[in-house]
Amino acid sequence: MIYPQYIQPVSLTDLWSKLPQDKKIYFLAGGTDLFSYLRDGLIDAENSCFVDITHIQAAELNGIVEETENIKISAFTTFRTISESGLLKKYCPDLVSAAKVMGTPQIANRATIGGNIANASPAGDALPPLAAHFAKAEITNSNGSRLINILDVFAGPKKTTLVNGEIITAVIIPKIMAIDGFTVAGTFKKIGGRKSHIIAKASVSVFAVVKNKSINYISVALGAVGPKIIEVKNISKILAGCEVSPELTEKCKDEIRRIVSPIDDFRSTAEYRLEVICPLFEQALNEIINE
Amino acid sequence: MEKKISFILNGEKAMVSCNPLKTLLNVLRDNLNHIEVKAGCEQGECGSCTVIIDGKIVNSCIFPVGQAEGKNIITIAGISKKEATKGSPVGKLHPIQKIFIEEGAVQCGFCTPGMILAAKVLLDRTLTPTDDEIRTAISGNLCRCTGYSKIFSAVKKAAIFLRHRKL
C-alpha cells in the first residue's frame, strides 16, 4: 500500500515550518473519515500529506470555553466530549443532541467537530446545529486566523472554501440568552439506515427560546436535503413572537418544502428526503415545546 | 517512511517500526501477532476490531499507529491476562468473558472480542447500567448471529456479578 507523507507537528509554529508546499494537505485528527477515503483510493497518496494534529491539540488547542459573548469550541473536540458538555447543554442543546447520535461510541470517541466541518458533507451532523446558531469557524494559516460564517466554509458537497494548508482551529458560537420566564431549548433529528450509526438521509436542527408553546426566538437548519446545509430563515418570521399552532406548523413545513433541493444519491432519493424532512422538523418542534 | 512507535500493549511495552499511517489493526495482527483483534469491515462500521485505548473504545481499523505512541492499548487478550494463572496458556478468563460463554452470548465468536471490550468499558464506568446504557455501549458492535438479546443479558448479568463481587 502506498501511504501519503506523514508529519506530526507539535505546535502551530512547528506546523507552518513543516508543511510541504507541493502536496495536498489533509489534517488528521480522529481519522474516521480520512481512513475510509484512503482505503477506498479516494486520496492520491503519492501527492498528499497527512498532517497529524493530535500533538498540537495536546499542546495548545483544547476544550470548550465560555467567553462573554460566545462559546468557543476547539476544533479538536471530540463528539464524545461535546455530548457530555454541561456548558453546551445549556447554550446549544441541539448540538449536544446531534453529538449523541453522531455515530457509534467508537466513532464518537475519535471524530472531531473540526473534522466534521472540514469533511463538508451535507449530511455532517454537527453542521445543522452550527448553522442554526450562526456559528463562525476560526480558520488559521501561517499569517494568522480569521473568522468566517459556518455556511461560508462550504463550497458544495465535500468541498470547502479553505485554501490548501489552512486549518480549522475553533468554532465560535454566539450565546443566545433566554429572556425572563423562557428557557433555551433545542434538538436534532435525523433519519437513516442504522440507529447507532446513521449517516443522515435527512436531518434537522431546531434551536429556540421557548415558554410552553410560545416562541421568543427560533432558528432552524436542515442537513442532507441540498448540496449544502440550509438555514430556513423564514421560520423565524413565521413563529417568533407566536404560539406554535397546527396552522403555523403547516406554514413552516410549506417553507421547508419550498427551500430544500434534495437529490438522488447512493444513500437515498430526492423523493424520500422531501417526504421525511417535514415530519422530522415537526417532531423536533414538538419536542422542544413539550420539554 | 518508517517510524519507531512504542506503546503499552496489554500491560507490556511494545515497539514496532513501520509506516505511521498503517492501521493499528494491521500492526497488531501482522507485526505483533495479536490476531485476537478481528478484521471485519475495516472501515469503522462493525466494531470487531475494537480495542481500548487510554480507557476508551476505538476502531483499530481506522486508527493510525502513529497516534498510538505512548498510549495504553488493551485487546481482549489483555483483560484475561491480568488474572492469568501460572502454567495456563489461556490464562484466567475475565468474568465478562465467562458470563458471555455461560449465557450463550457467543456463537461464531467474531464480534465477541469487540463486544466484550465495549461491555468492559461500560462496566468500568458503572456497575448499575440502565438497559439503554447497555444498548448504547454495544451499539458500535455488529453481531450477525445472536440477535443481540443474549449479549444484552450477558452484560446485564456481568454487571450484577461484578457488583456483588465488589461488595
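Helix α6 (residues 93-100) of chain A is largely enclosed by the rest of the structure, because seven of its eight residues are buried, where buried means that 20 or more other C-beta atoms, placed from the backbone, lie within 10 Å of the residue's own, exposed means 12 or fewer, and partly exposed lies in between. This is a predicted model, in which local features need pLDDT of at least 70 and side-chain atom pairs count only at pLDDT 80 or more, while totals for chains, interfaces and linings use all residues. Residues are numbered from 1 along each chain as its sequence is written, and chains are lettered from A and ligands numbered from 1 in the order in which they are written.

**The enclosed helix**
- The buried residues in α6(A) are A:Pro93, A:Asp94, A:Leu95, A:Val96, A:Ser97, A:Ala98 and A:Ala99.
- Among the elements that cover them are α4 (79-83), α5 (86-91), α9 (127-132), β11 (183-191) and β12 of chain A; helices (H or I, at least four residues) and strands (E, at least two) are DSSP runs, numbered from the N terminus.

**Where the chains touch**
- In chain A, 21 residues are in contact with 24 residues of chain B, contact meaning that the two C-beta atoms, placed from the backbone, lie within 7 Å.
- On the side of chain A that touches chain B, α2 (34-39), β3 (48-52) and α7 (105-108) of chain A each supply at least two residues.

**Positive phi values**
- A:Asn212, in the loop between β12 (202-211) and β13 (214-223) of chain A, has a phi near 50 degrees, and A:Asn212 is partly exposed, with 13 other C-beta atoms within 10 Å.
- B:Asn33, in the loop between α1 (24-31) and β3 (50-53) of chain B, has a phi near 60 degrees, and B:Asn33 counts as exposed, with 8 C-beta neighbours inside 10 Å.
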